[in-house]
Amino acid sequence: MTLSEPPLLPDQRRERLLADLHAHGTLRVSEIARALGVTTVTVRRDIAQLADEGAIERVHGGIRLPRGGDVQPQFSVAVEEPGRSTSTDEASLPAVGMVVPSLDYYWPEIVRGARDAAPDAGVRIVLRGSSYDDVADVRRQTAWLLETAGIQGLLIAPPTIGDEAAQLIDWLAGLDIPVVFLERTATVGLYQEHVESVSTDHAFGASLAVRHLAARGHRRVGFLASASSPHTPAVRRGWQQTVTAIGLDPDAPELISPDHRDPRWDDEIDLGIDAWLADGTTALLAHSDREAISLVARCEERGIRVPDDLAVVAFDDEVAGLANPALSAVRPAKYTIGEGAMQLLSKRLLDPARPVHRVLISPQLIVRDSSGPRG
């Protein structure tokens with residue numbers, strides 16, 4: 001194949017691809033891309049369209065002409081697996097942007113999952129850190145990736161609360177590149193269509209914790225969560241629904257607290273502890289680890305024993321096992337979130353017309369000392 005001038009139109013590109021498949025039997029995506037002067041993502045889109053039209057068949061590791069065609073079935077166009085059997089330099093791979101709200105808590109494992117999956121997707125990741133609630137900064141980081149890095153896909157965890165966040169989500173959904181939300185879900189447009197996403201089933205995680213505490217004999221399970229966490233509504237919903245579903249006492253107090261670093265934290269948590277003890281609450285689901293650890297420390301200062309007086313299950317399991325006592329915790333599958341999001345984006349790049357997917361991944365319950373035996 002030789003580079004054409006001027007660049008071929010899409011239909012011409014696909015005709016050339018088919019012609020060379022008939023002539024040569026096997027071609028690599030990178031060879032086609034270099035010859036036509038386009039990206040490997042463009043070539044994969046051409047492959048997706050030809051497959052939809054029935055002109056080729058996809059097989060594991062590549063594509064072939066339909067059975068009965070002029071070329072024998074064993075001839076195929078191989079879909080590359082960069083990082084395994086190719087000499088392509090990583091810097092030459094198409095860029096996928098990734099914007100996460102933290103680079104030191106919760107998110108590093110998600111980033112690692114996405115990065116490990118990137119070679120199989122034939123892309124490289126350009127990472128940017130932002131914040132949980134700074135809409136302007138998230139938009140600025142994304143614009144930089146679009147304008148400077150030339151990204152062809154985006155993995156992002158945007159703010160989701162408030163009018164500015166809604167405008168940001170509308171803007172992200174309207175980009176002309178595939179976008180997959182990480183640990184966020186959203187709908188956009190007149191018909192409230194879903195944005196593609198991979199996220200933890202936080203409500204299910206809360207249900208695991210409540211059922212575990214109920215199995216230990218607790219009848220009143222309270223709730224503590226940070227007002228700043230975007231996951232608090234889902235965790236709270238799972239707590240409420242499970243308390244009702246399994247017949248626990250439904251009136252255990254809840255506290256939606258300021259951030260554990262907020263000056264108001266000590267006063268708020270003391271009010272919560274007073275309410276739980278006065279109400280006969282014997283167990284607590286606390287979101288997240290940081291709030292749970294701060295709660296246990298405050299209980300210790302006040303002579304309240306964990307788990308004897310108050311059993312605690314945390315949510316996140318970033319540092320819960322390092323607490324004293326070690327905290328039982330709901331552990332989201334963070335690595336799998338990142339890996340799954342990259343795989344979802346890869347499939348969207350290959351097949352832009354595929355249905356929108358919303359993937360919910362179940363977390364695990366890790367039982368430690370803080371929810372120890374009761375009764």
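## Briefing on a predicted protein model

At 67% relative accessibility, D104 counts as exposed (exposed means over 50% relative accessible area, buried under 20%, and partly exposed in between, with a 1.4 Å probe and protein chains only). This is a predicted model, in which local features need pLDDT of at least 70 and side-chain atom pairs count only at pLDDT 80 or more, while totals for chains, interfaces and linings use all residues. Residues are numbered from 1 along each chain as its sequence is written, and side-chain values use heavy atoms, with hydrogens and water left out.

**Overall make-up**

- The protein has 375 residues, of which 51% count as buried, and its secondary structure comprises 11 helices and 18 strands (helices, H or I of at least four residues, and strands, E of at least two, are DSSP runs numbered from the N terminus).
- Of the contacts between residues at least 6 apart in sequence, 71% join residues at least 24 apart, where contact means heavy atoms within 4.5 Å.

**Helix α6**

- In helix α6, which spans residues 163–173, the residues A165, L168, I169 and L172 are buried. They lie on the same side of α6 because they cover an arc of only 100 degrees around the axis, the arc being that of the directions from the helix axis to the C-beta atoms.
- An α-helix has 3.6 residues a turn, so residues three or four places apart point the same way.
- The buried residues of α6 pack against α5 (135–149), β7 (154–156), β8 (179–182) and β9 (187–188), whereas the face turned away from the buried side carries the exposed residues D163 and Q167.

**The loop between β5 and α4**

- D104 is placed in the loop between β5 (95–100) and α4 (107–121), and its side chain makes a polar contact with the side chain of S102 at 2.8 Å (a polar contact is a pair of N or O atoms within 3.5 Å; within protein, one must be able to donate a hydrogen and the other to accept it, and residues adjacent in sequence count only if both atoms are side-chain atoms).
- The C-alpha atoms of D104 and G129, which are 25 residues apart along the chain, are separated by 9.9 Å.
- Y106 also belongs to the loop between β5 and α4; Y106 is buried, with a relative accessible area of 3%, and has a positive phi of about 75 degrees although it is not a glycine.

**D289 and its surroundings**

- D289 is in helix α10 (residues 289–301), and the side chain of D289 reaches the backbone nitrogen of E318 at 2.5 Å, while the backbone nitrogen of A320 lies 3.0 Å from a polar atom of that side chain.
- D289 is buried yet has no salt bridge, the nearest side chain of opposite charge being that of R368, 6.8 Å away (a salt bridge is a side-chain nitrogen of Lys or Arg within 4 Å of a carboxyl oxygen of Asp or Glu; Lys and Arg count as positive and Asp and Glu as negative, with His and the chain ends not counted).
- Leaving aside neighbours within four places in sequence, D289 is in contact with residues including Y105, F315 and D316.

**Backbone features**

- Most residues other than glycine have a negative phi, and most peptide bonds are trans.
- D316, in the loop between β15 and β16, has a positive phi of about 135 degrees although it is not a glycine, and D316 is buried, with a relative accessible area of 4%.
- The peptide bond from H287 to S288 is cis, with omega near 15 degrees, and S288 is found in the loop between β14 (283–287) and α10.
- Another cis peptide bond joins N324 and P325, with omega about 0 degrees; P325 is in the loop between β15 (311–315) and β16 (328–331).
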